[in-house]
Amino acid sequence: MLLIKTLHIFFMVTWFAGLFYLPRLFVYHAMSSDDISLKRFLTMERKLLWGITTPGAILTIVFGFWLTYNYFPDYFSHFWMHVKLLFVLFLILYHLFCVKIYYDFLNNNNKKSHKWLRWFNEIPVFLLLSIIALVIYKPM
């Protein structure tokens, strides 16, 4: 079971690394106007999104389900786990919105300013802190 927990944490770190960096790339992409930079950012975003962030997300969720299944029903008797899973749902929705933003850039249809994207970039920080606090302190 420790191996499953280790893999869950490892892929969660991978997922968050991508979610911290991808929106930062969007900020710089939104500030660019020359073709070379625009193409470079699309390449970097594609590789980060599909090569690191999305596989990290999928494997985090797979190992998270595995852990939850092994500790079921004990985990679900605690309210903190319900709140954690709600935050994970928000994280998945955030990830999917990043995919939408990527495709907006890809199709030359981005309407978000670099300032908006800078604020958007902060959301996973709060989700990570909340999830970690819930897992460590197990309140409620």
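How much space lies in the second largest pocket?

1. The model is predicted. About 180 Å³ of space lies in its second largest pocket.

2. The lining of the second largest pocket includes His-29, Ala-30 and Ser-32, as well as Leu-38 and Leu-42. Phe-105, Leu-106, Asn-108, Asn-109 and Asn-110 also line this pocket. H1, H2 and H3 each give at least two residues to the lining. By class, the lining of the second largest pocket holds 5 nonpolar and 5 polar residues, with no charged residues.

3. The largest pocket contains about 670 Å³ of space. Its lining has 26 residues, and those nearest the centre are His-8, Gly-64, Lys-84, Val-88 and Val-135.

4. Four helices, H1 (2-31), H2 (35-71), H3 (79-106) and H5 (123-137), each supply at least two residues of the lining of the largest pocket. H3 has the largest share, with 8 residues. The lining of the largest pocket is made up of 19 nonpolar, 4 polar and 3 charged residues.

5. The structure has 1 salt bridge. It joins the side chains of Lys-100 and Asp-104, at 2.7 Å from N to O. Both residues belong to helix H3 and lie 4 residues apart, about one turn of the helix.

6. Lys-100 has a relative accessible area of 42%, so it counts as partly exposed. Asp-104 is at 15% relative accessibility and is therefore buried, because buried means under 20%.

Notes: Residues are numbered from 1 along each chain as its sequence is written. This is a predicted model: local features need pLDDT of at least 70, side-chain atom pairs count only at pLDDT 80 or more; totals for chains, interfaces and linings use all residues. Side-chain values use heavy atoms; hydrogens and water are left out. On a 1 Å grid over the protein atoms alone, a cavity is a set of points where a 1.4 Å probe fits but cannot get out, and a pocket is an open set with protein on both sides within 12 Å along at least five of seven lines; lining residues have an atom within 4 Å of a point. Grid points are joined across faces, edges and corners, and a volume is the space filled by probe spheres set on the points. Ala, Val, Leu, Ile, Met, Phe, Trp, Tyr, Cys and Pro count as nonpolar, Asp, Glu, Lys and Arg as charged, and the others, Gly among them, as polar. A salt bridge is a side-chain nitrogen of Lys or Arg within 4 Å of a carboxyl oxygen of Asp or Glu. Buried means under 20% relative accessible area, exposed over 50%, partly exposed in between (1.4 Å probe, protein chains only).
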